[in-house]
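Subject: Structure handover

Hi,

Here is the structure I promised to pass on. Please open it and keep it beside this note as you read.

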Amino acid sequence: MAEKILTTEYSEEMQRSYLNYSMSVITARAIPDARDGLKPVQRRVLYDMSELRLGHDKPHRKSARIVGDTMGKYHPHGDSSIYETLVVMSQDFKKGMALVDGHGNFGSIEGDGAAAMRYTEARLKKFAEEVYLKDLDKTVQFVSNYDESEKEPEVLPVRVPNLLINGAEGIAVGMSTSIPTHNLGEVVDLVKAYIDRPDMSLEEMMEYMPGPDFPTGGIIANKKDLPSIYETGTGKIKLRGKIEVELGRRKSDRDKLVISEIPYTMIGAGINKFLVDIAELVENKTLSDVVDISNQSNKEGIRIVLELKKDADIEKIRNILYKKTKLEDTFGVNMLAIAHGRPETLNLRGILENYLEFQYENTTRKYQALLEKELEKKEIREGLIRACDVIDLIIAILRGSKNLKDAKACLMTGDISRIQFKHPGFEEDAKQLNFTEKQANAILEMRLYKLIGLEILALQKDYKECLKKIAEYEKILKSRDGMNRVIKEDLDHIKEEFAQPRKTLIENGKEAVYEKSAVAVSEVVFVMDRFGYCKLLDRSTYDRNRETVDTEYKYVIPCLNTDKLCVFTDTGNLHQIKLMDVPSGKLRDKGTPIDNLSKYDGS
C-alpha cells in the first residue's frame, strides 16, 4: 500500500500543535474547574476511591491500588502525579479541609516526603464523602474516559465553594493559578448572605469572610489590600509567622521567643532554610541577643525557640526576623479557573456566581430525579392499593391464566380471551381492569403477606408520604426561593458538622524596620597572595611590616573598610565584593580564598 504524504508549512504545524498542547494542559491538567474547584487528577482520584468503596468507616486500602486503578481507568498520565495528588489531599497543613485520610507516612510540614505508595494506605474523609461525592448519580453528567471503556463524572457535585475553601495551585502554559484557602464556616455564611442579597457590596461580603485562612495559621499583615485582591482576583498577601514571648520563670532562666505559627509559604524546606538563616544572623552578630536556637516542633504543631540574652531588645529581634528571613513572605494571588470551558481570572463575586449557577443545576437535576422516583413509587402504590380492594378478582385471574403474559395482558387491558376462570362471575369485572405496566408488574410480584391488615395500612401510609414528597419536590423545582432554602439548609448542616475555628489572624501590621548600626570608618589594607587567599590588615599593622607585606603578597591595596573591591576576570566579567565581607586577619594568618566571597570563579 503506497504511503500518503501530506505537505504542510512547518511553522503552521508547530503553531497548531503547540496551541493544542497548551489548551490541553490548561483545561485538562493544571487549572481547576470553577464549578467543583478540582483539577481532573484530583477529581479522578476521589471518584475512583468512591468506586472502590473506601468510605471513612471502611478499612484503609493500599495507596498503590488506588493509584493503579485511577491510572488504568481514568488518568493515564503516570503514577507519580496521581500519588502526589493523593498525598497532598491528605495533608491538613496544605489543604483547608483535607479530603483523604492517610494511614502511614504521608510527609510532614517540615518537608519530609511521603513513603512509597506500596507502604501507605488511604481512604476518604467523611467531609469528602458527604460534601464532594454525595448524590453523584443524581446530579452531574458522566462522560467517557480516555479509551471510552468507562464513564467518569464531568465534575463532582461539590456542595461548597471548594475553589475558596481548599484553594488551588497550578502552572499551565503561559498562565498559572494561585488561590489561598479560606475558612469553611465563613465561606458558608458568605454564600448564604449572597443568596439572599446577590447585589451586596464587596465590603458587605468581607464582613462574613474577612480574608484567607491558611492551615498553618500565621498573620496576614496587609488587611488593607484584601478588598483590591477580591475585586480583581489578583494581588499579594503579606504573611507573617506568629512570635510569642515566654519570660523565664526563675532568675536563672532565659527569656525565649517562640515561633508557634509559620507563613503558609514556608511549608516544606522553608523551615530548615529559616533555621539556617537565623544561625547566619547570629553568627554575623546581626542577632547578637540570641544565644541558642532549637526546633522543638512535633506532630502537635510548630515550636521554634530562640533563647535570648538578659535585657534583649525583643522588638528589634522581631523586626530583624521579619525583615531578614522568610518569617515574613508574600503569597501571590491569581484566582484563575476554568469557567464555562475557558480560563478566566475570577474575582470573589465571579467565584460565587459560578458556584451558585452550578448548585442550581445540580439541585434541579437531583430533585427532578427524586420527583421521578416518587412519581413511579406513587403509581405502583396506587396500583397495589387498588389491587388489594379487588384481590379476589386478581386471584381468579392468576388461577385462570396459563402463563404470566396472559395474566399481565388481562390486568393491563382487560383481555380475558386467554383466561379460563375457575368460577363464573369475574368476567365483566376483569374486562374493566386497566392497570399500567409498572402496576401490573408490582401486582404480579406481590407476596401474600402484603394482604395482612397492618401491611395494607402501612401501604396506605407510605402512599400518603409519597404524595407529600411529590408536593415538596414540585415546590422546590418550581420556585427559586424553595431551591435557595434547600441549598442554605444543606450549607447549615455542613457548617454544623465540619466547620473549624479560624487559624489566621488578619491585621494591618506595622512595617518591619531594621536599621543597621553605623559602621566606624577606618583605614585598612587589602592583601591577596598569588594563590588567591585574601584578608584585611589594620593600617598600623601594615605600616609596621610594610616591606614584608609588599614582598609576600601579589596585591596590596590601601582602602577604607566601607569600600568595595572590583574583580575583573579574563572573560571580561566584573565582580564586586564588599570589604566588610572580607575577614580581618593577623599578619601570619593564611586568609580566605577570594572565590569564597563572591561568584568569582578564579578565571
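Below is what was found in it, by topic.

First, a caution: this is a predicted model.

**Helix α2**

Start with helix α2, which covers residues 40-51. It has 12 residues, and at 1.5 Å a residue they should span 16 Å. Glu51 counts as partly exposed because its relative accessibility is 38%, and buried means under 20%. Just after the helix, Arg53 takes a positive phi of about 60°.

**Charged patches**

Glu51 turns up again on the surface. Together with Asp147, Glu148 and Glu150, Glu51 forms a patch of negative charge there. There is a positive patch as well, made of Lys323, Lys324, Lys564 and Lys578. Lys323 sits in helix α11, residues 314-324. Its relative accessible area is 46%, so Lys323 is partly exposed.

**Salt bridges**

Side chains of opposite charge can pair when their charged atoms come close. How many salt bridges does the structure hold? The count is 35. Here are some of them.

- Asp213 and Arg502 meet at 3.9 Å, N to O. The pair links distant parts of the chain, 289 residues apart. Asp213 is in the loop between α8 and β8, and Arg502 is in the loop between α18 and β17. Asp213 is buried at 6% relative accessible area, while Arg502 is partly exposed at 26%.
- Arg303 and Glu246 meet at 3.0 Å, N to O. This pair also links distant parts of the chain, 57 residues apart. Arg303 is in the loop between β12 and β13, and Glu246 is in strand β10. Arg303 is partly exposed at 26%, and Glu246 is partly exposed at 29%.
- Arg539 and Asp543 meet at 3.4 Å, N to O. Both lie in helix α19, four residues apart, about one turn of the helix. Arg539 is partly exposed at 24%, and Asp543 is partly exposed at 40%.
- Asp135, Lys138 and Lys366 are linked in a network of salt bridges.

**Leu384**

Leu384 is in helix α12, residues 348-389. Its relative accessibility is 12%, so Leu384 counts as buried. From Leu384 to Glu84 is 300 residues in sequence and 55 Å in space, C-alpha to C-alpha.

Best wishes

Terms used. Residues numbered from 1 in each chain as written. Predicted model: local features only at pLDDT ≥ 70, side-chain atom pairs only at ≥ 80, totals over all residues. Heavy atoms only, no water. Patch = residues over 30% accessible without salt bridge, like charges linked within 9 Å, V, L, I, M, F, W, Y side chains within 5 Å. Areas by Shrake-Rupley, 256 points an atom, 1.4 Å probe, with all protein chains shown as cover. Salt bridge = Lys/Arg side-chain N within 4 Å of Asp/Glu carboxyl O. Lys, Arg positive; Asp, Glu negative; His and termini not counted. Charge placed at Lys NZ, Arg CZ, Asp CG, Glu CD. Helix = DSSP H or I, 4+ residues; strand = E, 2+ residues; numbered from the N terminus. Buried < 20%, exposed > 50% of the residue type's maximum accessible area, 1.4 Å probe, protein only. Expected span 1.5 Å × (residues − 1).
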